[in-house]
Amino acid sequence: AAKQRGPGNSVAYDPDIERRAGERFALMSRLGQDLQRDALFLVFQPQLCLSTGHIVGAEALLRWRTDTGLIPPGEFIPIAEKSAYIHAIGDQVVRQACTALKALNAAGLHEITLSVNVSGRQFDTPGLAERVAARCTEAGVDLHRLGLEITETAAMTNFGQVAQALRSYRAAGGLVAIDDFGTGLSSLEYLRDLPADHLKIDLSFVRHLEQDERSRQIARMIIKLGRSLGVGLIAEGVETRGQADWLRDNGCQTGQGWLFSRPLALPDFIDFCRQQSPR
Ligand code: C2E
Ligand code: MG
Ligand code: MG
Ligand code: MG
């Protein structure tokens, strides 16, 4: 385990660090095996228009099923990012999202969009936009139904490559959202050069909207910024009616969160769409 820390990183012996490194290594090798076994799957969290209550789309969130239960993405994505597995995972996510779009089409739900989360590492090799577009073509689904979500922090680590890939993705007709907006360590300067269709207001701002005037001020500012840049706003982590009403009244069009629905398995998501859509 000491070797994993790499040269020049020697630290005083700490059994806790040793144990955690061991756990990470074990998780990583299990992940490698499970990648071949379709143990990774997507769940879909509805996104609703805050003024009409109609469903407009969903965010696809990754889950890993193991013998010991579900492992959340916050635990295995950072580990996968330290290996080449993140590329295989990213490809599976896009493929499964395309399959889901086909199922939505078959159910007559042609307007619903899906967005997938992409890691900054997926931009290491150029051509991400083209790879995603190729998957959509293979599956026979329109690129304008599939969005990519990237956090500002991830975008910053490889800015030139990310901005270029996202620009060509949008030029080909795909949608782009900046995730967890306002929480990254970036300046506003990058927003000028990072093309996007949506800003996602981070749940840390949404959470305290009702109690905290400063959260409201920040949320107002993000909404104003988004509107003046001509991008749509999606609030994540909406848990109460009060939050949803405040967001709607202050110009945020779309909401996502437990108030409306937990992330759902595909068949349940399709049922949810049938209940919520206008027709
Ligand atoms: P994210 O993209 O910001 O996703 C939002 C997270 O908030 C999700 O956690 C979602 O389940 C959770 N959430 C939704 N509604 C509520 C709510 O009302 N209250 C609260 N407290 N939480 C809510 P999840 O599914 O555990 O995903 C965590 C993060 O893992 C995601 O954050 C995303 O950055 C990453 N992730 C998920 N799927 C993928 C993937 O396919 N690829 C990559 N690279 N990252 C992924
Ligand atoms: Mg996201
Ligand atoms: Mg987010
Ligand atoms: Mg997040």
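Reply: What follows takes those topics in turn, and the model is a predicted one.

Me: Core first. Which residues touch the most other members of the largest nonpolar core?

Reply: Those are Leu104, Leu114, Leu146, Ile201, Leu247 and Phe269, in a core of 81 residues.

Me: Which helix gives the largest share of this core?

Reply: Helix H3, residues 85-106, with nine residues.

Me: Back to Ile201. What does Ile201 touch?

Reply: Leaving out residues up to four places away in sequence, Ile201 touches Val206, Ile222, Ile223, Leu233, Ile234, Ala235, Glu236, Leu247 and Cys252. Leu247 is also among the core residues that touch the most other members.

Me: OK, pockets. What volume does the largest pocket have?

Reply: About 1,000 Å³. Its lining has 43 residues, and Glu59, Leu61, Pro73, Asn117 and Asp179 lie nearest the centre.

Me: Which element supplies the largest share of that lining?

Reply: Strand E2, with five residues. E2 spans 55-66, and among the other elements that supply at least two residues each are strand E1 (40-49), helix H2 (73-80), H3 and helix H5 (152-157).

Me: How does the lining of the largest pocket divide by class?

Reply: There are 16 nonpolar, 15 polar and twelve charged residues.

Me: And how much space lies in the second largest pocket?

Reply: About 250 Å³. Of the 19 residues lining the second largest pocket, Gln47, Thr113, Leu175, His198 and Ile234 are the closest to its centre.

Me: Switching to cysteines. How many disulfides does the model have?

Reply: The count is zero.

Me: Where is the nearest cysteine sulfur to Cys252?

Reply: In Cys49, 9.9 Å away. Cys252 is in no disulfide. The cut-off for a disulfide is 2.5 Å between the sulfur atoms.

Me: Is Cys252 buried or exposed?

Reply: Buried, with a relative accessible area of 3%. Cys252 also touches Ile201.

Me: What is the relative accessible area of Cys273?

Reply: 0%, so Cys273 is buried.

Conventions:
Residues are numbered from 1 along each chain as its sequence is written. Chains are lettered from A and ligands numbered from 1 in the order in which they are written. This is a predicted model: local features need pLDDT of at least 70, side-chain atom pairs count only at pLDDT 80 or more; totals for chains, interfaces and linings use all residues. Side-chain values use heavy atoms; hydrogens and water are left out. A nonpolar core is a set of buried Ala, Val, Leu, Ile, Met, Phe, Trp, Tyr and Cys residues joined through side-chain atoms within 4.5 Å. Buried means under 20% relative accessible area, exposed over 50%, partly exposed in between (1.4 Å probe, protein chains only). Helices (H or I, at least four residues) and strands (E, at least two) are DSSP runs, numbered from the N terminus. Contact means heavy atoms within 4.5 Å. On a 1 Å grid over the protein atoms alone, a cavity is a set of points where a 1.4 Å probe fits but cannot get out, and a pocket is an open set with protein on both sides within 12 Å along at least five of seven lines; lining residues have an atom within 4 Å of a point. Grid points are joined across faces, edges and corners, and a volume is the space filled by probe spheres set on the points. Ala, Val, Leu, Ile, Met, Phe, Trp, Tyr, Cys and Pro count as nonpolar, Asp, Glu, Lys and Arg as charged, and the others, Gly among them, as polar.
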